[in-house]
Amino acid sequence: MEPLPFLDQFQEFHHIHGTNVRLDPTGTQATRVESFANGVCFSREPLSPGEIFLVEIEEKELGWCGHLRIGLTARDPLTFETVPEYSLPDLMDLGDSWVFAITRNHNRVVEEEAVAPEGEGAGDGGLAGGHRLGDGREEGGRRLPRLGGGDVEEEAINPKPKTFFTDSHLHIEKVKIPMDKLVGRSRPGRYSHILDDLYKTNALPPTARRSRIGVLYVPKGQGLADMHVVINGEDMGASAKGIPMLLPLFAVVDVYSATKQVRIVQVEYGFSSLQTLCRKCIQKNIVHRMALDWLELPERLKHYCKYE
């Protein structure tokens, strides 16, 4: 497997963003402060081939229909007089942008169903799983009736267990990404060690809090690339194909509708940090996560080892 052609760099959101977005002082947390739209954000720097832009959903807002949208754009954010209100369809209608709408289910691309309409080539980057990436009109940011105080989708359990931890890295073509940071985990509770096996099978729904979603592009030759969306350590497939690599490609994150706040997760491609190595060492020598409470360790380190 070939190494990634870039060094680790600290990723941030661009200072150009939608009118309803507030960034924290570090530039790594984006919050939509009102309404359901005008939440479009960009990466501060263009992505390198194979470099993932990964965010974690930190806060949601009940009552809205629709979720996070993520993708790529060849348009430099500095060229926007006004940031588009929506990534779908506004940003995509400007051209040179490819955006994927995350849903509770059906995010995986089914290659055999993707058939391009006559007269439209792969270079248009318009197909994903047999349908266009979206026009932004299906969900429309409308209000939903509140059925209760809980978040049903966060309590859902995936009936089909997956084995994401059989490999320490996610492999997409020739790209190799460390799995440790890719997988979102539910917040541990007092008796949550009973559910450890469920966490290991990635039971966290894509649109739930603490879910981690990323985007990257993989070169395919002749100056073209495919866009891949990764959800909690699982590659959803090539959601857009034939993307030209002549211009720099920026990540797009639309903090849309039910998604209220996201945070960038820094991925370590080279040597793991001392903090990560300590966590791995401790985890190998305990029965379950809650056993950490019995160890004479700093409280912050205990929380880090339990992914709190």
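**Close-up views of a predicted model**

By the ring-pair rule used here, the count comes to six aromatic pairs, where rings of Phe, Tyr and Trp (its six-membered ring) pair if their centres lie within 6.5 Å, and planes under 30 degrees apart count as stacked, over 60 as edge-to-face and the rest as tilted. This is a predicted model, in which local features need pLDDT of at least 70 and side-chain atom pairs count only at pLDDT 80 or more, whereas totals for chains, interfaces and linings use all residues. Residues are numbered from 1 along each chain as its sequence is written, and side-chain values use heavy atoms, with hydrogens and water left out.

**View A. The stacked pair of Phe 42 and Phe 80.** The two rings of Phe 42 and Phe 80 lie 5.5 Å apart, centre to centre, with 15 degrees between the planes. Phe 42 belongs to strand β3 and Phe 80 to the loop between β5 (69-73) and α1 (87-93), so that the pair links distant parts of the chain, 38 residues apart; helices (H or I, at least four residues) and strands (E, at least two) are DSSP runs, numbered from the N terminus. Both Phe 42 and Phe 80 are buried, a term that stands for under 20% relative accessible area, with exposed being over 50% and partly exposed in between (1.4 Å probe, protein chains only).

**View C. The open sheet β3-β14-β5-β6.** Four strands form this open sheet with antiparallel pairing, where two strands pair if DSSP finds at least two bridges between them. Because β3 (40-42) and β6 (97-101) stand at the edges and each has a single partner strand, one side of each is left without a neighbour in the sheet. Three bridges join β3 to the antiparallel strand β14 (residues 250-254), and Cys 41 stands opposite Val 253 in β14.

**View D. Strand β11 and its partners.** Seven of the ten residues of β11 (residues 212-221) are buried, so this strand is largely enclosed by the rest of the structure. Strand β4 (residues 53-60) pairs with β11 in the antiparallel sense over four bridges, with Glu 56 opposite Arg 212 in β11. Eight bridges join β11 to the antiparallel strand β12 (residues 224-231), and the bridge partner of Gly 221 is Leu 224 in β12. β11 and β12 form a hairpin with two residues between them, and Gln 222 in the turn has a positive phi of about 60 degrees.
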